[in-house]
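Please read the points alongside the sequence.

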Amino acid sequence: MENTNKKTLRNDIILIGAIILIALIGFFVFLITRKDGQKVNVLVGGEVVYSFSLEDTVEQQILTGENNQNKNVLVIENGEASIKSATCPDKICVSHRKISKSGETIVCLPNKVVVEIE
């Protein structure tokens, strides 16, 4: 019986190691195949309202909500996009790192703003 437990433990360790190895390989493949973005799309309520090239230098106000009381300020410079300021209460979008790779996004949920790299 003790021999069976050791064999099961060894097989469990091998299985866990294989899963971790496969996950690491997948992660590195993902990092290697990511491409630089070309375009920044700004969506408000699911619709594209602005589209900019990442090569541009832009500081754009994005107004949302009733009577445009919500405001986010998008900044694009040096091939990266970020939210400089926002009127949302939590400011998660402002503290988000700059984005530049295809598929990356910054979301301001309270103001219903999504900045995505294409």
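Cys 93 counts as buried, because its relative accessibility is 2% and buried means under 20% relative accessible area, exposed over 50% and partly exposed in between (1.4 Å probe, protein chains only). This is a predicted model, in which local features need pLDDT of at least 70 and side-chain atom pairs count only at pLDDT 80 or more, while totals for chains, interfaces and linings use all residues. Residues are numbered from 1 along each chain as its sequence is written, and side-chain values use heavy atoms, with hydrogens and water left out.

**Cysteines**

- A disulfide is a covalent bond between the sulfur atoms of two cysteines; here the criterion is a pair of cysteine sulfur atoms within 2.5 Å.
- By this rule the count of disulfides is 0.
- The cysteine sulfur closest to that of Cys 88 belongs to Cys 108, and the 3.6 Å between them is too far for a bond.
- Cys 93 is likewise in no disulfide, the nearest cysteine sulfur being that of Cys 108 at 3.7 Å.
- Cys 88 also counts as buried, with 2% relative accessibility.

**Strands and pairing**

- Strands (E, at least two residues) and helices (H or I, at least four) are DSSP runs numbered from the N terminus, and two strands pair if DSSP finds at least two bridges between them.
- Strands E3, E4 and E5 form an open sheet of 3 strands in the order E3-E4-E5, with antiparallel pairing.
- Strand E3 (58-64) and strand E5 (80-86) are the edge strands, each pairing on one side only.
- From one strand to the next, the twist averages 25 degrees, where axes are lines fitted to C-alpha atoms (for helices over the stretch in contact) and angles run from 0 to 180 degrees between N-to-C directions.
- Strand E4 (residues 70-77) is joined to E5 by 6 bridges, and Ile 76 stands opposite Ala 81 in E5.
- Strand E1 (residues 39-44) pairs with strand E2 (residues 47-53) in the antiparallel sense over 6 bridges; Asn 41 stands opposite Ser 51 in E2.
- E1 and E2 form a hairpin with 2 residues between them, and Gly 45 in the turn has a positive phi of about 60 degrees.

- Phe 28 is found in helix H1 (residues 2-33) and is partly exposed, with a relative accessible area of 47%.
- Phe 28 belongs to a nonpolar surface patch that also includes Ile 16, Ile 20 and Leu 24, and the patch has about 830 Å² of accessible area together.

Terms used
Patches are made of residues with over 30% relative accessible area and no salt bridge: like charges are joined within 9 Å, nonpolar side chains (Val, Leu, Ile, Met, Phe, Trp, Tyr) within 5 Å. Accessible areas come from the Shrake-Rupley method with a 1.4 Å probe; for residues, only the protein chains shown count as cover. A salt bridge is a side-chain nitrogen of Lys or Arg within 4 Å of a carboxyl oxygen of Asp or Glu.
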